[in-house]
Amino acid sequence: MDATHDRTPQGDAAGDPEGTTEQLDVTVRRSPKYGAFAAAGALVGAVAAGLIAASMPQAVNENGVPVDTTPVIGLMIVAGFVLGGGLGALVAIIVDRALAKRTTATVAERVEVRRPDALPTAEDDALEARFERLGGADPGLADPAVPGAAERKRGEDDRPGRA
C-alpha cells in the first residue's frame with residue numbers, strides 16, 4: 001500500500017471540526033473466508049460419511065450372528081469431518097487464486113477529524129507536566145497549584161493503615 005501524503009486541513013476557526021485528509025493508493029480484492037469454507041466442508045463431510053456408514057448392510061460374523069457396527073459409524077463420521085474440512089479449505093484456496101486475478105487499484109481517502117473541544121488545553125498540558133515531574137505520584141502532594149495541597153506535607157499518606 002503506497003501512501004501519498006496529501007494532508008489538507010479541514011474546518012475553520014468558527015468551531016467546526018478540525019482534521020486532515022490523506023490520500024492512499026490501495027489494492028482492493030475479494031478473498032474467501034477460509035474458516036467458513038473449512039467448516040462447511042467438515043459439516044458436509046461428516047453428514048455424507050454418516051449417511052454412507054448408516055446405509056451399509058448389517059455386518060455378520062462367520063456364525064451368521066449380526067455384529068454391532070455403531071463404533072464404525074462414529075469413526076466414519078469423524079473421518080468425514082476431517083476430510084471434508086480439508087477439502088473445504090482446498091476449495092477456498094482455489095477460489096482465492098481465481099479471485100486474485102480480479103484485483104483493482106484505487107485511491108482511498110483517510111480523514112482524521114478532531115473537534116476543537118477535544119483539543120488539549122494549556123491547563124491539560126500543565127497538569128500532565130506536573131504529573132510527570134512528580135514521577136506519577138499523587139499530583140496533590142506539596143503542590144501549591146492544587147487546592148488543599150498546602151495542608152499536606154511531602155511523604156504523608158492519607159490512606160488508612162499506612163504510617
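**Salt bridges and surface patches: exercises**

Arginine 110 is partly exposed, with a relative accessible area of 42%; this class lies between buried (under 20% relative accessible area) and exposed (over 50%), with a 1.4 Å probe and protein chains only. The model is predicted: local features require pLDDT of at least 70 and side-chain atom pairs pLDDT 80 or more, whereas totals for chains, interfaces and linings use all residues. Residues are numbered from 1 along each chain as its sequence is written, and side-chain values use heavy atoms, leaving out hydrogens and water.

**Exercise 1.** Describe the order of elements in the protein chain and the share of its residues that is buried.

*Solution.* 
- The protein chain holds 3 helices and 3 strands, taken as DSSP runs (helices H or I, at least four residues; strands E, at least two) and numbered from the N terminus.
- Read from the N terminus, the order is β-β-α-α-β-α.
- Of the 163 residues, 15% are buried.
- Among contacts with a separation of 6 or more, 59% join residues 24 or more positions apart; a contact means heavy atoms within 4.5 Å.

**Exercise 2.** Locate the salt-bridge partners arginine 29 and aspartate 96 in the chain, and classify aspartate 96 as buried or exposed.

*Solution.* 
- The side chains of arginine 29 and aspartate 96 meet at 3.1 Å, N to O.
- The pair connects distant parts of the chain, 67 residues apart: arginine 29 is in the loop between β2 and α1 (34–55), and aspartate 96 is in helix α2 (residues 70–99).
- Arginine 29 has 38% relative accessibility, so it is partly exposed.
- Aspartate 96 has 5% relative accessibility, so it is buried.

**Exercise 3.** State which residues gather in the surface patch of negative charge and which make the nonpolar surface patch of about 380 Å².

*Solution.* 
- Patch residues have over 30% relative accessible area and no salt bridge; like charges are joined within 9 Å, nonpolar side chains (Val, Leu, Ile, Met, Phe, Trp, Tyr) within 5 Å.
- Lys and Arg count as positive, Asp and Glu as negative, without His and the chain ends; charges are placed at NZ of Lys, CZ of Arg, CG of Asp or CD of Glu.
- The negative patch gathers Glu123, Asp124, Asp125, Glu128 and Glu132.
- Glutamate 132 belongs to helix α3 (residues 122–133) and is exposed because its relative accessibility is 54%.
- The nonpolar patch is made by Ile52, Met56, Val72 and Met76.
- Isoleucine 52 sits in helix α1 and, at 49% relative accessibility, is partly exposed.

How values were computed. Accessible areas come from the Shrake-Rupley method with a 1.4 Å probe; for residues, only the protein chains shown count as cover. A salt bridge is a side-chain nitrogen of Lys or Arg within 4 Å of a carboxyl oxygen of Asp or Glu.
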